[in-house]
Amino acid sequence: MTENLNTTNKISAKMIAKMGMMAAIACVFGLFRFPILPMVPFLTYDFADIPIIISAFAFGPIAGLLITFVVSFIQAFLLGGDQLYGFIMHVLASGTFVLIASLIYNGHKSKKVAIISMIIATIAMIIVMGFANYFVTPYYYGGAAMKEVVVQLMPFILLFNLIKGAANSIITFVIYKRISPFLHKQ
């Protein structure tokens, strides 16, 4: 039986250590950001979500959300991120993806379900981030004038989230089964 934060009341020290290690890897990955679309260079991609998604697949949605929260907090407030705005947006984007993908995948663990779960999670993240950028960004960065800018940039914002979701999905799919035995080792 594999450890899963959703099915046991008892969390082992090994599971907490593995979750902490994956969160630390995600924080390190988050230090290396790069723009994907030249027309919106402020939208940057990093590989931080991959260890989070892998953790959610291995330990369940609750573990994935806990790691998302911790990593988002560390990146936003301790590693020079956008502080509260960055924290909120990272929790919304990564949390949506992690929750949807891991809920579907943990229901029936197979390659086919993993692919389907990440496609659905990518679509959900695109939708959530479209609304988040429309409502949250203007609130933090200048009101009505910023809302007009966000509307003009919305195609790029949605494309960015599509690319981010696809990249995270493909990389996770390729490496999860290689890492899974270590995460499930008793």
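First, the ground rules. This is a predicted model, in which local features need pLDDT of at least 70, side-chain atom pairs count only at pLDDT 80 or more, and totals for chains, interfaces and linings use all residues. Numbering starts from 1 along each chain as its sequence is written, and side-chain values use heavy atoms, with hydrogens and water left out.

Start with helix α2, residues 49-59. Helices here are DSSP runs of H or I, at least four residues; strands are runs of E, at least two; both are numbered from the N terminus. How many of the residues of α2 are buried? Eleven of the eleven, so the helix is largely enclosed by the rest of the structure. Buried means under 20% relative accessible area, exposed over 50%, and partly exposed in between, with a 1.4 Å probe and protein chains only. The buried residues include Asp49, Pro51, Ser55 and Phe59.

Next, the core. The largest nonpolar core has 42 residues. Such a core is a set of buried Ala, Val, Leu, Ile, Met, Phe, Trp, Tyr and Cys residues joined through side-chain atoms within 4.5 Å. Phe57, Phe59, Val71 and Phe97 have the most contacts inside this core. At least two of its residues come from each of α1 (13-30), α2, α3, α4, α5 and α6. α2 gives the largest share, eight residues.

Look at Phe57. Beyond four places in sequence, its contacts (heavy atoms within 4.5 Å) include Ala101, Tyr105, Met118 and Tyr176.

Now the largest pocket. It holds about 820 Å³ of space. That volume is the space filled by probe spheres set on the grid points, which are joined across faces, edges and corners. A pocket is an open set of points on a 1 Å grid over the protein atoms alone, with protein on both sides within 12 Å along at least five of seven lines; lining residues have an atom within 4 Å of a point. There are 34 lining residues, and Arg33, Phe42, Asp82, Tyr85 and Met89 lie nearest the centre. Helix α6 gives the most to this lining, seven residues.

Last, Ser72, in helix α3. Buried or exposed? Ser72 counts as buried, at 1% relative accessibility. Outside its sequence neighbours within four places, Ser72 touches Phe87, His90 and Val91.

Technical notes:
1 Å grid on protein atoms, 1.4 Å probe; cavity = no way out; pocket = protein on both sides within 12 Å on 5 of 7 lines; lining within 4 Å.
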